[in-house]
Amino acid sequence: MAELAKAELLNIIREECNPPMLEGNMSYHDITDQISSITEWKKTPTAWWIMISITGTLLLLLLSMLTYLVSRGIGVWGNNSPAGWAWDITNFVWWIGIGHAGTLISAILFLLRQKWRTAINRAAEAMTIFAVACAAIFPLFHTGRPWRAIYWLFPIPNTYLHMWQNYRSPLEWDVFAVSTYGTVSVLFWYTGLIPDLAILRDRSKPGLRKVIYGVLSLGWRGAANHWKHYEKAYMILAGISTPLVLSVHTIVSFDFAVSVIPGWHTTIFPPYFVGGAVFSGFAMVMTLLLITRWLLHLENIITMRHLELMNKVILATGTLVGYSYATEFYIAWYSGDPYEQFGFLNRIVGPYWWAWWTMFICNCVIPQFFWVKKMRRNIAVMFIISITTNIGMWFERFVIIVLSLHRDFLPSSWGYFKPTWVDICTYIGTFGLFLTLYLLFVKFCPIIAVAEVKGTLSNQTHTDHVYAHYLESHEVSAQESHGIV
Amino acid sequence: MASFNNTANDRGLYAAVGEFQDETVLISAIEQIRHKGYSKLEAYTPFPVHGIDEALGSKPSKLGWFVICCGATGVTAAATFIWWAGAIDYPIIVGGKPLFAFTFSVPIMFELMILCSAFGSLFGMLGVNGLPQFYHPIFNYSHADRITDDGFVLAIEASDPQFDAQECVKVLEGAGATFTEVVPK
């Protein structure tokens, strides 16, 4: 066989079985250089300063709203009987759900040996932590006295309550689920960061910067003996984060499912909530990464292939969510329970019909465009869909919470919930917190898991050698090669 | 060329260090050098290299056992506390439910198991590795900052019974090292 034909064959096999994760011919040093240089800006770009001034302003808005709420009481929010939960819990569930994509990418895709995750996992994990921080604000401030809430939520011995929490309540389970989730996400993220912080330490000139990265990287020196335990720890963290992430949204859904409200009291809630969480989380990762990738020129690391794979996840989970809606309606009809049936009909044609239809169109209709390959690979399309998905998922939680509460068993107690300006500004303010933290992360941490990307590259090169070796030792015709492929 | 690091002092030597082009060369070098009877070897790489533990002959990590113990502690602590708080210290009937039952304790038992395991894996890993450790003689290697970038480094430590600095440098060069150095403690 001619040399040229062999090279061609190798290319076919590479494209089919082992498509490159990085674009261009990058060496280990190029990867280090490209990612680390983002944290080593000599002069921070003006765009970064403009962005952080905007998000910082929104953060101040959040702080003022929370101060206002604490000084005036939670009556400044619009929730009142019959809708005792409204925007606050909607926002809580929405933010927690967004966090789930980070854990899914870092843990579940790791266990499934999806190497492409290395390009996006660091940013997604950071996003998880920031999203959990935003989520925690709502239930905490809904207590009205957040500085005392620590004694109401956690079993801390004190001389002021003389009692313990009710461990039979799903709300108490939720306290443990969310706080564990936040803590484990930080631990997992930090574990991944240690070797990369050591890279920044080694690149810094002696000075404060070197000391800070030196302390944070704990004296990491890349010894093979250390990597062995490190990889084990990383695998265990991935292994325990996987059931954890499934349990968190399951327990969040128990907050509703364990009650007897029509529209809440269903067994489908746990898988339905987890599916929705991954759906909205991937969409948020997509929105942020498209902007990050464009501004920081990371197109060679976060390639079109990565984006397309993420769009496939969005399509799959979006379809799961649509299927769950259908199941809910079917069960409401099949149950024969008039309250249940009314509740669901009320969602489509009741006073909040617009909320249900927004949710339906954003979650069930729009992502279906991703069946078409051209759409999955179109930046503008995926950017728009990533945003509509999160609008849809916000409305899903609004529909579940407010639409089930506003018309309960007794028509005399029906009402119509309207958000107040404080509700709206608090929600907008959480974007300030989320994005400010994200911008700080971009400036001070390696936003791509450098050591992991190098490992992927090494694996890639090794696999290529195996294919090349196979072709050397076997005389294969072009036609046969399709058989191998 | 071998070079002596000029910061050498009377504390003695840490190791003879060789740098290799990539992970494949490093692994075959480790195999060759171990074959020559050297046993105190340590490799330094920018990312976990597969097959390096087998080449170095190091045993698999036992961290998992430690984490299992942490997880078990979490489960037990959660169940015990829920039982003690709800049935002994502050018994009050809510919603006609029993004071203690395994079923309603499961979510918190599960969460505490995960929480303790997570702390166990990070801090267990740091403990086994002896981190944080801000000084280590490998940092005296003149290109130590390359290790986290693209340096694949093998150290034949001075504690090796066969250790002889000049001899080790030759062995490393013979195995394909592109740069060698004798590193002080």
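Predicted model: local features only at pLDDT ≥ 70, side-chain atom pairs only at ≥ 80, totals over all residues.

Visitor: How many helices and strands does chain B have, and what pattern do they follow along the sequence?
Guide: There are five helices and five strands in chain B. Read along the sequence, their pattern is β-β-α-β-α-α-α-β-α-β.

Visitor: What makes chain B more spread out than a compact globule?
Guide: The globule rule gives 16 Å for 185 residues, while the radius of gyration of chain B is 25 Å. That value is well over the rule, so chain B is more spread out than a compact globule. Along its principal axes, the C-alpha trace of chain B spans about 80 × 35 × 30 Å.

Visitor: What percentage of chain B counts as buried?
Guide: Of its 185 residues, 48% count as buried. The word applies to a residue with under 20% relative accessible area.

Visitor: How many positive and negative side chains does chain B have?
Guide: Chain B has 10 positive and 19 negative side chains, and the centres of the two sets lie 7 Å apart.

Visitor: Why is helix α9 of chain A called largely enclosed?
Guide: In α9(A), 26 of the 34 residues are buried, so the helix is largely enclosed by the rest of the structure. Helix α9 of chain A covers residues 224-257. From its first C-alpha to its last it reaches 49 Å, close to the 50 Å expected at 1.5 Å a residue.

Visitor: Is Ser217(A) buried or exposed, and how do you know?
Guide: Buried means under 20% relative accessible area. Ser217(A) has 0% relative accessibility, so it counts as buried. Ser217(A) sits in the loop between α8 (208-216) and α9 of chain A. Leaving aside neighbours within four places in sequence, its contacts are Ile194(A), Leu197(A), Ala198(A) and Arg201(A).

Visitor: Why is His162(A) called exposed?
Guide: Exposed means over 50% relative accessible area. His162(A) has 59% relative accessibility, so it counts as exposed. His162(A) is in the loop between α6 (146-153) and α7 (170-203) of chain A. Phi of His162(A) is near 55 degrees, again a positive value in a residue other than glycine.

Visitor: What kind of peptide bond joins Ser81(A) to Pro82(A)?
Guide: That bond is cis, with omega near 5 degrees. Most peptide bonds are trans. Pro82(A) is found in the loop between α3 (46-72) and α4 (87-111) of chain A.

Visitor: Which residues of chain B does a cis peptide bond join?
Guide: A cis bond joins Leu131(B) and Pro132(B), and its omega is about -5 degrees. Pro132(B) is placed in the loop between α4 (102-129) and β4 (152-157) of chain B.

Note on methods. Residues numbered from 1 in each chain as written. Chains lettered and ligands numbered in written order. Heavy atoms only, no water. Helix = DSSP H or I, 4+ residues; strand = E, 2+ residues; numbered from the N terminus. Rg over C-alpha atoms; globule rule 2.2 N^0.38 Å. Buried < 20%, exposed > 50% of the residue type's maximum accessible area, 1.4 Å probe, protein only. Lys, Arg positive; Asp, Glu negative; His and termini not counted. Charge placed at Lys NZ, Arg CZ, Asp CG, Glu CD. Expected span 1.5 Å × (residues − 1). Contact = heavy atoms within 4.5 Å.
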